[in-house]
Amino acid sequence: KFMRAASQTLEYAVALGPSDAQLYRNIGVVYRATGNVPAAIDAYKISLLLQPDLGETYFNLGNALPSRTWEELAKREVIFRHALRMGVPMAGYNLANHLNNAGRVDESFTVLRAAVAHEPQSERLYN
């Protein structure tokens, strides 16, 4: 119920300010949380078109993209690497998991160590 209200509020806000990248990112988060992943991906892409320096949006997009094929996996890897370069340490954690699942264990450890070195106080990196 809360997410539906949040979605409606954000959709109204986007209608009033269609050039606000943060609104599109936020509505993408709500869409993904409610299971509307295609709409979330579209919202993240619009957000990045409007403001391509939003590392968190790349991170969210990487999390929302499917990973059923090698092409999809490669796309997620590129996006997580980009988010990591933009200063989103959790992208390193997700990238490390992604690499580990792809059997690239050594590279996974390297990425995870770098993420921890960048933000050693982040408890999320250790869970």
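The protein contains 7 helices and 0 strands, where helices (H or I, at least four residues) and strands (E, at least two) are DSSP runs, numbered from the N terminus. Read from the N terminus on, the order of elements is α-α-α-α-α-α-α. The structure is a predicted model, in which local features need pLDDT of at least 70, side-chain atom pairs count only at pLDDT 80 or more, and totals for chains, interfaces and linings use all residues. Residues are numbered from 1 along each chain as its sequence is written, and side-chain values use heavy atoms, with hydrogens and water left out.

Of the 127 residues in the protein, 40% are buried; buried means under 20% relative accessible area, exposed means over 50%, and partly exposed covers the range in between (1.4 Å probe, protein chains only). Contacts, defined as heavy atoms within 4.5 Å, can also be sorted by separation along the chain. Among those between residues at least 6 apart in sequence, 37% join residues at least 24 apart.

Because 9 of its 10 residues are buried, α4 is largely enclosed by the rest of the structure. The buried residues of α4 are Gly55, Thr57, Tyr58, Phe59, Asn60, Leu61, Gly62, Asn63 and Ala64. They pack against α2 (21-33), α3 (37-50), α5 and α6.

Two of these neighbours can be followed in detail. Two packed helices are described by the angle between their axes and the distance between the axes. Here the axes are lines fitted to C-alpha atoms, for helices over the stretch in contact, and angles run from 0 to 180 degrees between N-to-C directions. The axes of α3 and α4 come within 9 Å and cross at roughly 155°. This makes α3 roughly antiparallel to α4, given that angles over 145 degrees count as roughly antiparallel, under 35 as roughly parallel, 65 to 115 as roughly perpendicular and the rest as oblique. The crossing of α3 and α4 is left-handed, that is, the near helix is turned anticlockwise from the far one by less than a right angle, whereas clockwise would be right-handed. On the α3 side the contact is made by Val37, Ile41, Tyr44, Ser47 and Leu48, and on the α4 side by Thr57, Tyr58, Asn60, Leu61 and Ala64. By class, this contact has 7 nonpolar, 3 polar and no charged residues; Ala, Val, Leu, Ile, Met, Phe, Trp, Tyr, Cys and Pro count as nonpolar, Asp, Glu, Lys and Arg as charged, and the others, Gly among them, as polar.

Ser47 of helix α3 deserves a look of its own. Ser47 is buried, with a relative accessible area of 0%. Leaving aside residues up to four places away in sequence, Ser47 touches Ala21, Tyr24, Arg25, Leu54 and Thr57.

Turning to the next helix, the axes of α4 and α5 come within 8 Å and cross at roughly 155°. Gly55, Tyr58, Phe59, Leu61, Gly62 and Asn63 in α4 meet Arg76, Ile79, Phe80, His82 and Ala83 in α5. The residues of this contact divide into 6 nonpolar, 4 polar and 1 charged.

Rings of Phe, Tyr and Trp (its six-membered ring) pair if their centres lie within 6.5 Å; planes under 30 degrees apart count as stacked, over 60 as edge-to-face and the rest as tilted. By this rule the count comes to 1 aromatic pair. The rings of Phe59 and Phe80 have centres 6.3 Å apart and planes at 55°, so the pair is tilted. Phe59 counts as buried at 9% relative accessibility, and Phe80 is buried at 1%.

Helix α5 also holds Trp70, which is exposed, with a relative accessible area of 66%. The C-alpha atoms of Trp70 and Ala102 are separated by 9.6 Å, although the two are 32 residues apart along the chain.

Finally, the axes of helix α6 (residues 89-101) and helix α7 (residues 105-118) come within 8 Å and cross at roughly 170°. This makes α6 roughly antiparallel to α7, and their crossing is left-handed.
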